[in-house]
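I opened my notebook to go through one protein model step by step. My entries follow in the order I looked things up.

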Amino acid sequence: MEALHQKIREQGIVLSDQVLKASTFRTWSESTKPCSRIFWCNASMKLIGDEFAARFTDSGITKIVTIEASGIAPAIMTGLNLGVPVIFARKQQSLTLTENLLSATVYSFTKKTESTVAISPRHLTSSDRVLIIDDFLANGKASQALISIIKQAGATVAGLGIVIEKSFQGGRAELDSQGYRVESLARVKSLTGGVVTFIE
Ligand code: 5GP
């Protein structure tokens, strides 16, 4: 997606050789109002949802799973487009989640902390074909936790849709070696020296 590459080049902030800040992006609409977070911009999200839906339209997707919080917006737009429910894994146990949960531990790349993510077993069945959507793919810990949860439900992981993949970290290679289909809208080759370069 050239438009996404351009947006990242112009407005992304390289915090280090490993981390890209994507929260100051504006919308792709004609609006001149700043959008506080890229993933909360309606116009950007519509394009992202359209693109994921086009790529997975023939994959028999029955549900979308994401992880709170930044995965929710692209997941919702994709779900609306594909006409399937969207489920998000919670990072903290909610008072309303009282039954036995499907859960996995995940080490947060940005927060450097470990947490448990969980989904109610009522939301997934063994006949589901699930598309995982997330905003970033780094070392793949979030994706692997969601894969574990989906497998615990006996459902099938039909693929992963990632908005920004940092290809120089290990997540993509591991998912490839496990045989999963990964569709990333932007594949960042390097952030070295504060410059964003892409795998075209
Ligand atoms: P992973 O689990 O693949 O190591 O990291 C993915 C998760 O960490 C994503 O859900 C995302 O929220 C966060 N993340 C990883 N790298 C970045 C980054 O460079 N920038 C931002 N904003 N979030 C990131």
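**Overall fold.** I counted the elements first. The chain has five helices and ten strands. I noted that this is a predicted model. Next I asked what share of the 200 residues is buried. I got 48%. Then I turned to contacts between residues at least 6 apart in sequence. Of these, 58% join residues at least 24 apart.

**Helix H4.** I picked H4, which covers residues 141-152.

I then listed which residues of H4 are buried. They are Ser143, Gln144, Ala145, Leu146, Ile147, Ile149 and Ile150. After H4 comes glycine 154. Its phi is positive, near 80°.

**Serine 184.** I looked up where serine 184 sits, and found it in strand E9, residues 182-190. Is serine 184 buried or exposed? Its relative accessible area is 9%. Buried means under 20%, so serine 184 counts as buried.

What does the side chain of serine 184 touch through a polar contact? I found the side chain of glutamate 165, at 2.6 Å. I also listed the contacts of serine 184, leaving aside neighbours within four places in sequence. The list reads Arg55, Ile162, Glu165 and Arg172.

**The ligand.** I found 15 residues around the ligand. Leu20, Ala138, Gly140, Ala142 and Lys166 come nearest. A backbone N or O atom of asparagine 139 is 2.8 Å from a ligand oxygen. For glycine 140, a backbone N or O atom lies 2.7 Å from an oxygen of the ligand. Lysine 166 uses its side chain: an N or O atom there is 2.7 Å from a ligand nitrogen.

**Rings and charges.** How many aromatic pairs are in the whole structure? My search found zero. I did find charges over rings. The charged end of lysine 112 sits over the ring of phenylalanine 109, 4.3 Å from the ring centre. Arginine 181 lies over the face of phenylalanine 56, and I noted 4.3 Å to that ring centre.

Terms used
Residues are numbered from 1 along each chain as its sequence is written. This is a predicted model: local features need pLDDT of at least 70, side-chain atom pairs count only at pLDDT 80 or more; totals for chains, interfaces and linings use all residues. Side-chain values use heavy atoms; hydrogens and water are left out. Rings of Phe, Tyr and Trp (its six-membered ring) pair if their centres lie within 6.5 Å; planes under 30 degrees apart count as stacked, over 60 as edge-to-face and the rest as tilted. A charge sits over a ring if NZ of Lys or CZ of Arg is within 6 Å of the ring centre and within 35 degrees of the ring normal. Helices (H or I, at least four residues) and strands (E, at least two) are DSSP runs, numbered from the N terminus. The expected span of a helix is 1.5 Å times one less than its number of residues. Buried means under 20% relative accessible area, exposed over 50%, partly exposed in between (1.4 Å probe, protein chains only). A polar contact is a pair of N or O atoms within 3.5 Å; within protein, one must be able to donate a hydrogen and the other to accept it, and residues adjacent in sequence count only if both atoms are side-chain atoms. Contact means heavy atoms within 4.5 Å. A residue is near a molecule or strand if one of its heavy atoms lies within 4 Å of it.
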